[in-house]
Amino acid sequence: MKLALPRQSITDFEKASELEWLVTNGIGGFSSSTVSLTNTRRYHGLLCAALEPPGGRMLIVSSCDEVCSFDEGNSYELASHQYADGTVHPHGYRLLSSFHLENHLPVWRYQFEDSVLEKRLWMRPNENVTYLSYRVLSARREFTLQLHPRCVFRDYHSQSRGVQGFAITIDSSCIEVRHQHADTSFFIEVSKGNFKEGENWNWNLHHRVEAYRGLDSEEDLYSPGVFETSLRSGQEVTICFSVE
């Protein structure tokens, strides 16, 4: 089954941030957000793991920001975030050429210059593992894809504020991330490319649905660095978020 949305719905920030999708792993874990990939609820994120299935749900990876760059300096950010002061940045939703559900799984297509990049998300059944794949459907020349994971480690009913203690162990294209108050590590790995360490924080991200409900609605996200790879037409890379 394939359910597609009209383009005027996905390139309008308000509409694209109201339309939500949900993918589950069958043991209580899930991945959920909006078509624009702007998280509007505290429950939105790429990996909410059920550490004590079907309970013990912990939000671990909130989002993954993508930047596509060409040698001459042109770059395109595919992510979309809303901040506490109302600012929306970047505006990746404007680059969406299509969004559809294929067998209930979300598929995005982004177009920038002469390139078309398709992104798919799925979870491994019965395990706390989320995959994002990126496939270049067409491109006249090679470009660099940077992937910036935005992480937390919290109960999925709460919000994370302020600097948290994270530590990472790097093994080429795979990193292990540990939170200061957690017994469980989580892992981020790419199928091709390398990781460049560079800790940074995203401050004051806004969850508009929580604000509407009269609840605390801001969150701060941690990024351990960036995964980077070069892609040409027909090539693909997959990033995996896991506690397994």
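**Buried positions, rings and loops**

Trainee: In which strand is Ser223 found?
Mentor: Ser223 is found in strand β18, residues 218-231. Strands (E, at least two residues) and helices (H or I, at least four) are DSSP runs numbered from the N terminus. This is a predicted model, in which local features need pLDDT of at least 70 and side-chain atom pairs pLDDT 80 or more, while totals for chains, interfaces and linings use all residues. Residues are numbered from 1 along each chain as its sequence is written, and side-chain values use heavy atoms, without hydrogens and water.

Trainee: Is Ser223 buried or exposed?
Mentor: Ser223 is buried, because its relative accessible area is 0%. Buried means under 20%, exposed over 50% and partly exposed in between, with a 1.4 Å probe and protein chains only.

Trainee: And what does the side chain of Ser223 reach?
Mentor: The side chain of Ser223 reaches the backbone oxygen of Gly225 at 3.2 Å. Beyond its neighbours within four places in sequence, Ser223 is in contact (heavy atoms within 4.5 Å) with His148, Pro149, Arg150, Gly198, Glu199 and Asn200.

Trainee: Where does Asn202 lie?
Mentor: Asn202 lies in strand β17, residues 194-206. With a relative accessibility of 10%, Asn202 counts as buried. The side chains of Asn202 and Tyr83 are joined by a polar contact of 3.4 Å. Once neighbours within four places in sequence are left aside, the residues in contact with Asn202 include Asp65, His81, Tyr83 and Arg150. Glu219, Asp220 and Leu221 are also in contact with Asn202.

Trainee: What counts as a polar contact?
Mentor: A pair of N or O atoms within 3.5 Å; within protein, one must be able to donate a hydrogen and the other to accept it, and residues adjacent in sequence count only if both atoms are side-chain atoms.

Trainee: Now the core. Which residues of the largest nonpolar core touch the most other members?
Mentor: That core has 53 residues, and Ile60, Tyr134, Phe143, Phe186, Ile188, Ile239 and Phe241 touch the most other members. A second, separate core of eight residues includes Leu59, Tyr83, Val152 and Tyr156. A nonpolar core is a set of buried Ala, Val, Leu, Ile, Met, Phe, Trp, Tyr and Cys residues joined through side-chain atoms within 4.5 Å.

Trainee: What does Tyr134 touch?
Mentor: Residues up to four places away in sequence are not counted here. Among the residues that Tyr134 touches are Cys64, Leu117, Leu145, Leu147, Val237 and Ile239, as well as Glu66, Glu118, Lys119, Gln235 and Glu236.

Trainee: How many aromatic pairs are there?
Mentor: The count comes to 17 aromatic pairs. In one of them, the rings of Phe112 and Phe143 have centres 5.5 Å apart and planes at 85 degrees, so the pair is edge-to-face. Rings of Phe, Tyr and Trp (its six-membered ring) pair if their centres lie within 6.5 Å, with planes under 30 degrees apart stacked, over 60 edge-to-face and the rest tilted.

Trainee: Which strands do Phe112 and Phe143 lie in?
Mentor: Phe112 lies in strand β10 (residues 105-112) and Phe143 in strand β13 (residues 143-155), so the pair ties together parts 31 residues apart in sequence. Both Phe112 and Phe143 are buried. Together with Phe70 and Tyr76, they form one aromatic cluster.

Trainee: How are the rings of Trp201 and Trp203 arranged?
Mentor: Their centres are 5.5 Å apart and their planes at 15 degrees, so the pair is stacked. Trp201 counts as buried at 15% relative accessibility, whereas Trp203, at 40%, counts as partly exposed.

Trainee: Changing topic: which peptide bond is cis at Pro54?
Mentor: The bond from Pro53 to Pro54 is cis, with omega near 0 degrees. Pro54 is found in the loop between β4 (45-52) and β5 (55-69). Gly28 touches Pro54, along with Ala50 and Arg57. The place of Gly28 is in the loop between β2 (20-24) and β3 (30-34). The bond from His89 to Pro90 is also cis, with omega near -10 degrees, and Pro90 is found in strand β8, residues 88-91.

Trainee: What is the phi of Asn103?
Mentor: Asn103 has a positive phi of about 55 degrees, although it is not a glycine. Asn103 is found in the loop between β9 (96-102) and β10, and counts as exposed at 51% relative accessibility.

Trainee: Lastly, how many helices and strands does the chain have?
Mentor: The secondary structure comes to three helices and 19 strands. Buried residues make up 52% of the 244 residues in the chain.
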